[in-house]
Amino acid sequence: MSNPNPHDDLRQLVAAAGHMVAFTGAGISAESGIPTYRGDDGLWNKYDPAKFANIDNFFKDPGYYWNFFREVRYPVISKAQPNDAHTALAELEAKGILKAVITQNIDGLQQAAGSKNVLELHGNTRRIICLQCSRQHAMDDVYQQLDNELPPICPSCGGTLKPDVVFFGESLPADVLEGAVAAAQACDLFLVVGSSLVVQPAAGLPALARRNGARLVIINRDPTPLDQMADLVFNQRASDVLRTVSS
Ligand code: APR
């Protein structure tokens, strides 16, 4: 696309879209104070994901994860609020332009911004599940439990509690992945916001949308491996770009 003002191009693509889908990563929540995984402030630069986000290690020693949750994750996620980028996507959905948000994020901020159709590929840390009785518990309640009991056990059956997130070594929820694949195949505009696009199978969705004829736009502070297949690339802050399309 040739227009010297790519924001105009983006507005034209959004206006022309019949079926727009967004795909978000940690970068969209960075402006809400939640560190990304691989950016300069990346969580995985300080904490080894093989230790803190791996299912085999969780089963070996759940206390390891729950300590990380208490000290590192909960203090940040519990007080995080949606930012203008989340709000812009929710507004585009409310206008009937955006049909779905496929997210890799586990922070629930897109729904907190008002989005209805959110496909959580990697789950949501605000939901805590008992692996024995499958009862669901709220993140805040389990956090309270940690002062007396770490790892926390299920108050109903005494079972092992695990956040409803996909750890490395686990498969994505099949129904959610199926929905995301269908959304990528059905869309005519696929908007990536704040993802390094290196973690599969999620990172395969933009190319799938492209192969099905969709226009591809990437908004990410740093370059990604898929930039060359995109119609438009914005190496800028998500909120600065999305404010220009939702208003
Ligand atoms: N606006 C736009 N992009 C941003 C911003 C911002 N304000 N801040 C950071 N970014 C970009 C960074 O340039 C980085 O490339 O967000 C990207 C985040 O990339 P990652 O940290 O790799 O996060 P993500 O792509 O979501 O990771 C995928 O990996 O660790 C697993 O399960 C975890 O869901 C996660 C998956």
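Is S134 buried or exposed? In this predicted model, in which local features need pLDDT of at least 70, side-chain atom pairs count only at pLDDT 80 or more, and totals for chains, interfaces and linings use all residues, residues are numbered from 1 along each chain as its sequence is written. Side-chain values use heavy atoms, with hydrogens and water left out. S134 is exposed, with a relative accessible area of 54%; buried means under 20% relative accessible area, exposed over 50%, and partly exposed in between, for a 1.4 Å probe and protein chains only. The residue S134 is not a glycine, yet has a positive phi of about 65°. S134 lies in the loop between β4 and β5 (136-138), where strands (E, at least two residues) and helices (H or I, at least four) are DSSP runs numbered from the N terminus.

A positive phi, near 55°, is also found at L197, likewise a residue other than glycine. L197 is placed in the loop between β7 and α11 and counts as buried, at 6% relative accessibility. The loop between β7 (189-193) and α11 (205-211) also holds P201, and the peptide bond from Q200 to P201 is cis, with omega near 5°. A cis peptide bond with omega of about 5° joins L150 and P151 as well. P151 sits in the loop between α9 (139-145) and β6 (161-165).

The ligand has 23 residues around it, of which Y37, R38, S195, S196 and D222 come nearest; a residue is near a molecule or strand if one of its heavy atoms lies within 4 Å of it. Polar contacts are pairs of N or O atoms within 3.5 Å; within protein, one atom must be able to donate a hydrogen and the other to accept it, and residues adjacent in sequence count only if both atoms are side-chain atoms. An oxygen atom of the ligand lies 2.5 Å from a polar side-chain atom of D222. For S195, an N or O atom in the side chain is 2.7 Å from an oxygen atom of the ligand. For H122, a polar side-chain atom is 2.8 Å from an oxygen atom of the ligand. Taken alone, the ligand exposes 720 Å², and the protein buries 95% of that; accessible areas come from the Shrake-Rupley method with a 1.4 Å probe, and for residues only the protein chains shown count as cover.

H122 is listed by UniProt, in an unreviewed entry, under "active site"; UniProt positions follow the numbering used here, feature names are shortened, and annotations may be inferred rather than shown by experiment. H122 is found in the loop between β3 (118-120) and β4 (123-130) and counts as buried, at 13% relative accessibility.

The structure holds 16 aromatic pairs. Rings of Phe, Tyr and Trp (its six-membered ring) pair if their centres lie within 6.5 Å; planes under 30 degrees apart count as stacked, over 60 as edge-to-face and the rest as tilted. F52 and F68 form a tilted pair, at 4.6 Å centre to centre and with 35° between the planes. F52 lies in helix α4 (residues 49-52) and F68 in helix α6 (residues 62-77), so the pair ties together parts that are 16 residues apart in sequence. F52 is buried, with a relative accessible area of 15%, and F68 is buried, with 5%. One aromatic cluster includes F52, F68, Y143 and F167 among its members. K162 lies over the face of F167, at 4.8 Å from the ring centre; a charge sits over a ring if NZ of Lys or CZ of Arg is within 6 Å of the ring centre and within 35 degrees of the ring normal.
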